[in-house]
Amino acid sequence: MRAPLLGLREKIAAFRGSVEAALFALRSGLQQRSDAASAREVLELLLDTFHVVSKVEKLIKVLPSAPSDWQKEDGGVSLRSSVSVENSTQQDGTTMRETQSMLLERIASEMNRLKFYMAHAQNLPFVENMEKRIQSANVLLDASLGHSFIDGLNNSDTSVLYNCLRAYAAIDNTKSAEEIFRTTIVAPFIHKIVALETSNNAAGSSGDELENDYKQIKHFIAKDCKMLLGISSTDKSGLHVFDFLANSILKEVLSAIQKVKPGAFSPGRPTQFLKNYKASLEFLAYLEGYCPSRTAVTKFRTEAVYIEFMKQWNVGVYFSLRFQEIAGALDSALTSPSLVFIQDSDLDKRSSPNLILRQSATLLESLRSCWEEDVLVFSAADKFLRLTLQLLSRYCVWVSSSLHTRRGNPSPSPGCDWAVSATTEDFVYVIHDVNDLVSEVCGDYLGHISRHLSSCSTEVLDVVRTSMLQGGDKLKEVLPLLTNTIIEIIVDKSVEDLRQVRGITTTYRMTNKPPPVRHSPYVVGILRHVKAFLEGDKATHYLTQETREEILLGTVTDITRRYYESADEVVSLARRTESSLQQFRRKAQKRAGAASGASDDNVSETDKMCMQLFLDAQEYGRNIAALGLKPADIPVYCSLWQCVAPADRQNTISV
């Protein structure tokens, strides 16, 4: 079978060779066809490019022969035709100016096609040889389109402006249109304002204020720019690519301010800076009013000119200066070596009629300054809120440090020595002012802040409210310290009368005085300082009923504690002494061999002392009751009663 198989293999090999040859020929043909198609495409592209270039050149050549009024001679307008272009119309009713703009739009459309061809025919010698012609056509188109656009602006021709803007959009050259509008329409008016301000500066008026300038610019925009802004924002016109607001109007305004009024951006004069800043924000809001949608507003705010304009306003430095001004005023008031009282004729009295101390009035004035219209910058509201809380904290530290200084602890802050020599009346004034400040901060002042931040979210308002209420709580924390200081002062005065308690021992040890039947004279004076304070005009007028009751209970409790300690000491000492004397007497009687006689039936000196202390405690309890308190409700008085009362009256307090 080898011979047939070999023959079959040869046939198959021959057939395979013929198939491969046919396939190669087919592939070669297809490649040639593809190359030919590619070459044809390139040729067609080159032909199209050539035809478009030729067409553009022909159309451009037509431009000078068409009647137009954009040719300027010696600053005037020279017409090629004796008939005004505005009045000259073609048979279809269109003006020559409009015809010219339509022709330019057509050329621009062809140039757009040409750019497409150029992008697909790069590095081809034929195209490279045509680059000069294309560049020349571009230059002529830009110049002619610029003249037509200016002509449309000067004559307020809506049709011409539409055609020119579509032409600029077609060749992707929006910047040229924006620049022409800026230099032709916007800049001359801004220069008039600059010239006017320059003359005003020479006359001595303030030259860095912007509010009046913005008013004139707004009027100018509404009168001379509204039409173009309306055209560029027309829905579905394809002209949204232009941003005349930012790149024409705002750009020229920024340039003029930087050149003529650079001081307007300086935060060194905070009042004028804020006035100019708010006027600028209002001006930007006015410009945003011409944006047809929120998307357009967002686009306007992301423009480089807008960002550059906002960078000119250094709000951080402005806040630092205001911080120094506001915090410095409060710090100056709090470092005074003594409390300063507001006189009826002072301005502080009229702005803070309920406050007594200038330190407190300065705090309230500083707090209000943070949120005044001529101080607050909304974008820095968080910083002003922090400053508000810092001012409250500074005042609280001043009060607490002063009280620590009174107790002998040196204070690192100046202005705290006033508390060393302060009277109860002084602390009454401080308590009154703190209560008034708490009411103001948590009431009207908080509402004032909320109104300024009304545009913020509910979450932000809740945080602000919580922060301010915490500031009010910080003020409330110093009230117990102040009331305790008043209590200490009154108690220290009352201690002088309590020293006479120890004199009872001398009275009954050194003399053979009979048992007492009435209280000691000193008892009447123990609470006289408490009564005098509470019935005084200052406490009645400036302290709340709650505070007076707190001071009353605190002073009576502390005085009673001191009283109890003195009485307990007298009783303990008397009983020890009595025990020693009894032992001595018993020993003496044993030596004398005598029995205890009538002396055992007599009242002992210790019993006389306890009787006197009991009578005094009863009278003291009646004095407490006269002040409106129940002695039995005071634990330390109960201890005093049990210390001096007879055994049969230990459990029943009756005064």
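Residues 24 or more positions apart account for 74% of the chain's contacts with a separation of 6 or more. The model is predicted. The chain holds 26 helices and two strands. Of its 655 residues, 43% count as buried.

**Nonpolar core**

- The largest nonpolar core has 167 residues. Those with the most contacts inside it are Phe149, Phe181, Ile249, Trp371 and Tyr620.
- Helix H15, residues 381-406, gives the most to this core, with 11 residues.
- Which residues does Phe149 contact, leaving aside its neighbours within four places in sequence? They are Leu161, Cys164, Leu165, Tyr168, Ala177, Ile180, Phe181, Leu228 and Phe244.

**Helices H8 and H9**

- Two packed helices are described by the angle between their axes and the distance between the axes.
- The axes of helix H8 (residues 244-260) and helix H9 (residues 270-288) come within 12 Å. They cross at roughly 155 degrees.
- H8 is therefore roughly antiparallel to H9, since angles over 145 degrees count as roughly antiparallel.
- The crossing of H8 and H9 is right-handed.
- On the H8 side, Leu245, Ile249, Leu250 and Val253 make the contact.

**Helices H16 and H19**

- Helix H16 (residues 424-441) packs with helix H19 (residues 478-498) at an angle of about 165 degrees. Their axes are 10 Å apart.
- That angle makes H16 roughly antiparallel to H19.
- H16 passes H19 in a left-handed crossing.
- H16 contributes Thr424, Phe427, Val428, Val430, Ile431, Val434 and Asn435 to the contact.
- H19 contributes Val478, Leu479, Leu482, Thr483, Thr485, Ile486, Ile489 and Ile490.
- By class, the contact of H16 with H19 has 11 nonpolar, four polar and no charged residues.

**Glu252, a buried residue in H8**

- Glu252 lies in helix H8.
- Is Glu252 buried or exposed? Glu252 counts as buried because its relative accessibility is 5%, and the cut-off for buried is under 20%.
- Not counting residues up to four places away in sequence, Glu252 touches Arg182, Val186, Ala187, Ile190 and His191.
- Glu252 and Arg182 are 70 residues apart along the chain. Their C-alpha atoms are separated by 6.8 Å.

**Tyr508, a buried residue in H20**

- Tyr508 sits in helix H20, residues 503-510.
- Tyr508 has a relative accessible area of 2%, so Tyr508 is buried.
- Leaving aside neighbours within four places in sequence, Tyr508 is in contact with Lys513, Pro514, Pro516, Glu605, Lys608, Met609 and Gln612.
- Met609 is 101 residues from Tyr508 in sequence. In space, the two are 6.8 Å apart, C-alpha to C-alpha.

**Helix H26**

- Helix H26 (residues 635-644) is mostly covered. Seven of its 10 residues are buried.
- The buried residues of H26 are Val636, Tyr637, Cys638, Leu640, Trp641, Cys643 and Val644.

**Loops with positive phi**

- Ser156 is found in the loop between helix H4 (131-155) and helix H5 (158-170). Ser156 has a positive phi of about 50 degrees, although it is not a glycine.
- Ser156 counts as partly exposed because its relative accessibility is 45%.
- Asp172 lies in the loop between H5 and helix H6 (174-202). Asp172 is not a glycine, yet has a positive phi of about 55 degrees.
- How does Asp172 count, buried or exposed? At 66% relative accessibility, Asp172 counts as exposed, because the cut-off for exposed is over 50%.

Technical notes
Residues numbered from 1 in each chain as written. Predicted model: local features only at pLDDT ≥ 70, side-chain atom pairs only at ≥ 80, totals over all residues. Heavy atoms only, no water. Core = buried A, V, L, I, M, F, W, Y, C linked by side-chain atoms within 4.5 Å. Buried < 20%, exposed > 50% of the residue type's maximum accessible area, 1.4 Å probe, protein only. Helix = DSSP H or I, 4+ residues; strand = E, 2+ residues; numbered from the N terminus. Contact = heavy atoms within 4.5 Å. Axes fitted to C-alpha atoms, helices over the stretch in contact; angles between N-to-C directions. Parallel < 35°, antiparallel > 145°, perpendicular 65-115°, else oblique. Left-handed = near helix turned anticlockwise from the far one by under 90°. Nonpolar A, V, L, I, M, F, W, Y, C, P; charged D, E, K, R; others polar.
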